[in-house]
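Below is a short report on one protein model.

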Amino acid sequence: AALDGFIAGLPKTELHLHIEGTLEPELMFALAQRNNVALPYASVDDLRAAYNFSDLQSFLDLYYAGANVLRTEQDFYDMTAAYIARAQADNVRHAEIFFDPQTHTERGIPIATVFAGIAAALRDARRRDGFGSVMIMSFLRHLSEEDAFATLEAALPLREQYADLWLGIGLDSSERGNPPEKFERVYARCRELGFRLVAHAGEEGPAAYVIGALDVLHVERIDHGVRSEEDPALMQRLAQQRTPLTVCPLSNLKLCVVKDMAEHNLARLLDAGLAVTVNSDDPAYFGGYMNANYHAVARSLNLSREQVLQLARNGIDACFLSDEDKATLH
Ligand code: ES4
Ligand code: ZN
């Protein structure tokens with residue numbers, strides 16, 4: 001409990017956050033009503049009660065269904081603005097935000113609508129409060145590489161217009177059976193284009209997927225990466241290179257990647273010298289924003305004040321800002 005105040009006071013960065021995963025049930029219902037979209041739930045409580053997941057896929061099914069209420073630029077704006085307000089309450093100063101255009105273009109929403117709504121909210125927060133942000137466009141790995149290429153082609157005409165925000169490319173959705181190698185060519189193209197590269201790996205998938213993300217996709221951060229622990233040589237490499245892992249404790253608990261927070265390997269990863277960061281992933285679905293994620297590991301793993309501080313420092317070091325801008329966050 002003494003650590004809770006320390007955690008709340010720390011300036012933090014958030015590096016693993018799916019904007020569609022910040023859609024709270026209350027806003028989902030409000031947008032459903034605004035857009036005349038039917039939801040298969042009687043109430044907010046009814047919907048929240050359905051957030052009982054057994055694995056990644058059982059969550060993704062609800063996450064994609066929930067995103068169906070997002071129709072207009074204003075919807076994307078409102079969702080992003082609500083996330084920013086919640087992040088600021090946790091003293092998050094800078095957020096690098098995933099968005100999944102394919103979830104929306106598949107439903108006939110123009111990709112320009114998605115970019116415009118998210119970016120407008122991020123720019124308003126930057127102007128108003130100096131809240132820092134980056135957009136990371138993520139490909140859905142259960143879809144084909146051809147589909148990812150088509151998404152990249154559709155987004156590239158928007159690059160100049162969003163050059164202040166859209167810096168990165170990510171890879172998310174169903175991990176097992178969709179290894180990094182499936183996206184080798186599209187990542188090579190994104191690399192030529194000068195994007196910063198990250199990918200989800202080693203959440204449900206094996207350590208080999210982390211190696212694939214590093215060696216085949218050439219990513220600079222690994223999203224999740226907790227299963228890296230199964231490969232001692234990979235652990236040594238991650239420690240030596242200080243490759244950041246964006247770990248999401250409450251996500252891991254809710255998706256049954258760990259069965260108890262006391263069994264989470266975050267402290268062991270940190271002790272092994274890895275650049276571990278703490279993040280909230282899909283906070284509307286997993287029951288907590290940044291400080292709740294810090295509190296959960298601090299309490300369950302008996303972290304010291306120094307360890308908590310190290311996690312927050314790692315988050316600043318691992319972000320996409322220049323060294324000069326990072327220094328203003330420390
Ligand atoms: C995700 Cl936790 C997680 N893993 C993979 N893909 C995702 N998309 C949204 N949340
Ligand atoms: Zn994620």
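Leucine 17 has isoleucine 97 in β2 as its bridge partner. β1 and β2 run parallel and pair over five bridges. On to the next strand: phenylalanine 98 has its bridge partner, isoleucine 136, in β3. β2 and β3 are parallel and joined by six bridges. This is a predicted model.

How buried is β2? Eight of the eight residues of β2 are buried, so the strand is largely enclosed by the rest of the structure. Helix α7 (residues 111-129) lies across β2 (92-99) and β3 (132-140). Helix α7 runs at about 160 degrees to β3.

**The whole sheet**

The open sheet has eight strands, in the order β1-β2-β3-β4-β5-β6-β7-β8, with parallel pairing. Its edge strands are β1 (12-18) and β8 (275-278), each pairing on one side only. From one strand to the next, the twist averages 25 degrees. Strands of a sheet pair through backbone hydrogen bonds, either parallel or antiparallel.

| Strand pair | Sense | Bridges |
|---|---|---|
| β1 and β2 | parallel | five bridges |
| β2 and β3 | parallel | six bridges |
| β4 (residues 166-172) and β5 (residues 196-201) | parallel | two bridges |
| β7 (residues 244-247) and β8 | parallel | four bridges |

Glycine 168 stands opposite arginine 196 in β5. Leucine 245 stands opposite valine 276 in β8. Val276 and Val278 point one way from β8, while Ala275 and Thr277 point the other way. These four residues of β8 are all buried.

UniProt, in an unreviewed entry, places the feature "active site" at Glu203. Where is glutamate 203 found? It is in the loop between β5 and α10 (207-215).

Is glutamate 203 buried or exposed? Glutamate 203 counts as buried because 24 other C-beta atoms lie within 10 Å, and the cut-off for buried is 20 or more. Leaving aside residues up to four places away in sequence, glutamate 203 touches Leu56, Glu175, His224, Val226 and Val257.

Conventions:
Residues are numbered from 1 along each chain as its sequence is written. Chains are lettered from A and ligands numbered from 1 in the order in which they are written. This is a predicted model: local features need pLDDT of at least 70, side-chain atom pairs count only at pLDDT 80 or more; totals for chains, interfaces and linings use all residues. Two strands pair if DSSP finds at least two bridges between them. Axes are lines fitted to C-alpha atoms, for helices over the stretch in contact, and angles run from 0 to 180 degrees between N-to-C directions. Two residues are in contact if their C-beta atoms, placed from the backbone, lie within 7 Å. UniProt positions are given in the numbering used here, feature names are shortened, and annotations may be inferred rather than shown by experiment. A residue is buried if 20 or more other C-beta atoms lie within 10 Å of its own, exposed if 12 or fewer, and partly exposed in between; C-beta atoms are placed from the backbone.
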